[in-house]
Amino acid sequence: MKKILAAMWKERIAYLELTPAFLLLLFVAFGPVVYGIILGLTDFNLLRPTQTSFVGLKNFFAQLLNSRYHHALWNTLFYTVCITGFSFIAGLGISLMLNAQKLRAKSFFRILILIPWVITPVVVAVGWSILMRNEYGFINYVLIKWGFSNINFLGDLEHTLKWILVPMVWRSVPFVIIMLYARLKGIQGVLYEAATVDGATKWQQFLYITLPELKAVSAVLVLYMCLMNAKVFDVIWVLTMGGPGDSTQVAMTYVYDVAFQRWQLGNAAAASYVPMMILFVIGAFYIRLVEKD
Amino acid sequence: MKKKFRGEWKETIGIHVGMILIVAALFFPISILLITSLSRPEDVQIGWGWSFPPSLESHIKLWQDSPMAVYAFNSLVIAAATVVIALSVSILAAHALARYRFPGRSLVFVSILTLFLIPSLFLGIPLFLMFRAYGLLDTRLGLILAHSTFTIPFLVWMLKNYMETVPKEIEESAVIDGANRLQVIIHVVIPLAAPAIFAMAIFAFLGSYHQFALNFVLVTEESLSTIPIGAMRYRGVSGDWISFGQIAAYTIESAIPPILFLLLTSKYIVQGLTAGFGKA
């Protein structure tokens, strides 16, 4: 104990430097998070705030038995896996192309490719939703002109969930490309030359040199994308508001609905428990990988 | 590594064509929106159409008929203020985490990182109640405070990683020369890290600029809304004062600051991303 106190005193300046950030975060982040968790243990409803009582885990279990909640969680899983998967595969392919020696003007393409990723996600969603409008959108205009029937991208009970993948993959692919390309560039050419001398085919070189070299970056990338996609709210809300019906409801859009449309803030906080637990698990792996301290 | 075999020109063409197709696919939505925005509102009233010659009328009308100016102002001011505040506290915190070994170091760092894992909307629930009690709803200050919840962790993490790559000796020699710690930070650490700080500041700026969930929950007044909120509001409207041309113009114009920043920092993006996202 004395040793710890001594060490703290010796490095007291560190605590000083940390104080501003920590103080701010205490009030706007850590405090509210704790508050939120406690809120999930009450039946707080904004329409009758004074009649709040502590209910423990009753909310949590009630949510677990709620089929709308199941549906939202399931959609979240589907959405996360698909976006991460498609983005990664497409991104891998494109970054391999970008890395090909025979391509000129690489930095030009690199900047161009990043544009979908830097645009505000909500704006991406709005832009795509205009293109995907049922009767007046550009895509349907083209489809009809070519003789096909129009597709109700954002209003179809069964298929909308798949269609909203398109804009989101569109914006995620560039990020994957950039990360993988940066790593690809660093793979030493000697490895490939030696392999060619030893008679390896291009495909074998890909399997036994390229892929293993990409393993570490890919793991970090995939985990990061899973994290970002699992907590999504803004794009789905802007595209479909969880609709039509509940078909595109995701974990956080469900939480929003319960919190700010039904004003059951206690329930909403409790409904966040499961997503947060999952995020924490993924996050733990992610932090482990990224901070090899 | 340039081998010149005669048969390889096919591959070259193939790759270039493929690359162009991919860029075209990535750009087709933006191009359509661009074309729509460069059309007169009447021509694109029903959704798809275009004017020839292109006209800036939709863009002009956007600024005249809609609160775009307000939205842009709010977005930029809030993002700038968030970055300034967050940067000041984060540089100090990152320096502490990078340079000193003190009890609780890992705990502090991990708890800051954990903030990344909290969905913005979950945070929005207690913040909504707290701000409501303190009169911070519908205020820019409230939003700035709320934005620091994700800006500070981001900056601390990135800056810490960066500072760890800078040799300690420079700071130590400054201390030997008589500088106290604060002077060391101001005159040595910051100038050294300046390009990295610049790139990270831009990312942080964009993070705040893009924010939707917290803004949606904590602000309901038009006059304090930001660009993403406005985008959502006007997307559904196709009444006679806002046409598809204007909505398209909206999306194009809100993309200008990010694209500008992209051009400014393209060199650092790759370095910054890979350095910050892990020593993988």
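Analyst: Buried area is the accessible area, found with a 1.4 Å probe, that two parts lose on being put together, summed over both. In this predicted model, the area buried between chain A and chain B is about 9,100 Å². Carbon and sulfur atoms give 81% of that area.

User: What makes residues of chain A and chain B count as being in contact?

Analyst: Contact requires heavy atoms within 4.5 Å. By that criterion, 99 residues of chain A touch 96 residues of chain B. Helix 2 (residues 12–39) of chain A gives the most to the side of chain A that touches chain B, namely 20 residues. That side of chain A divides into 78 nonpolar, 8 polar and 13 charged residues.

User: Why is the pair Asp257(A) and Arg68(A) called a salt bridge?

Analyst: The closest N and O atoms of Asp257(A) and Arg68(A) are 3.2 Å apart. The cut-off is 4 Å, between a side-chain nitrogen of Lys or Arg and a carboxyl oxygen of Asp or Glu, so the pair qualifies. Asp257(A) lies in helix 13 (residues 251–261) of chain A and Arg68(A) in helix 4 (residues 67–99) of chain A, 189 residues apart. Over all chains, the count comes to 7 salt bridges.

User: How is the packing of helix 5 and helix 9 of chain A described?

Analyst: Two packed helices are described by the angle and the distance between their axes. For helix 5 (residues 106–118) and helix 9 (residues 165–185) of chain A, the angle is about 145° and the axes are 6 Å apart. The residues of this contact divide into 10 nonpolar, no polar and 4 charged.

How values were computed
Residues numbered from 1 in each chain as written. Chains lettered and ligands numbered in written order. Predicted model: local features only at pLDDT ≥ 70, side-chain atom pairs only at ≥ 80, totals over all residues. Heavy atoms only, no water. Axes fitted to C-alpha atoms, helices over the stretch in contact; angles between N-to-C directions. Helix = DSSP H or I, 4+ residues; strand = E, 2+ residues; numbered from the N terminus. Nonpolar A, V, L, I, M, F, W, Y, C, P; charged D, E, K, R; others polar.
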